[in-house]
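Hi,

Here is the structure for you to look through. My notes on it follow below.

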Amino acid sequence: MNKVFRSVVKLIFSFILLSSLYACGSSNNEKNNATTEMPSELQKLTLTGGGTLAAFVTVDGDTANRIEMTIDGTGTGSASASISGLSLAVHTIVISYEYTDGAGTIVLATASNTVDLTSGSGNLSFAAGDYDLATYDDDSDGISNAAELAAGSDPRVDEGDGPCVFGTSTIGNCVLG
Ligand SMILES: [Ca+2]
Ligand SMILES: [Ca+2]
């Protein structure tokens, strides 16, 4: 049996830094720190519709006890969360970004990775490319929720007016002014 690893895991998510999670087992006051890139599509996302962006951490599939991260919008932006009581084992960590407005909550992106704490230390990386955004397309028009929010179209409604182009990016079913 593994001795209970009374630890505090601190996850710090930076929008620009490469990602890594360091778990250090040198004392009774364990602390794991992480930094990660935010999905690039969300870095550029400006929430003008009155909605809010939130990030959550789920450990080992325990969605009932997922932890909301604290997003710091200053500078380049970051978010953090603390997780206590992780055992000396392999853990799966899922990060989810969600957008909530008056119409409800939609998922924008998720990423999953594992951290091995069996030796008291581990390394976990989350890069922007680790995030799945395409899966989250609530109106099934082939354009992700995140891309629609970035383009100013409604991610819940297939506007059906065909794709339009923003710079070099084609965004389907956006609302043309
Ligand atoms: Ca869509
Ligand atoms: Ca749409």
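Which residue in E5 is the bridge partner of Val57? It is Ile67. Keep in mind that this is a predicted model.

Now the strands themselves. E4 covers residues 52–59, and its antiparallel pairing with E5 has two bridges. E8 covers residues 90–101. E4 and E8 are also antiparallel, with eight bridges between them.

Together these strands belong to an open sheet of four. The order is E5-E4-E8-E9, and the pairing is antiparallel. Why do E5 and E9 each have one side without a neighbour in the sheet? E5 (67–68) and E9 (104–116) stand at the edges, so each has a single partner strand. As background, strands of a sheet pair through backbone hydrogen bonds, either parallel or antiparallel.

Next, the whole protein. It has two helices and twelve strands. Starting at the N terminus, the elements follow the order β-β-β-α-β-β-β-β-β-β-β-α-β-β. The protein has 177 residues, and 31% of them are buried.

Best wishes

Key
Residues numbered from 1 in each chain as written. Chains lettered and ligands numbered in written order. Predicted model: local features only at pLDDT ≥ 70, side-chain atom pairs only at ≥ 80, totals over all residues. Buried ≥ 20, exposed ≤ 12 C-beta atoms within 10 Å, placed from the backbone. Pairing = 2+ DSSP bridges.
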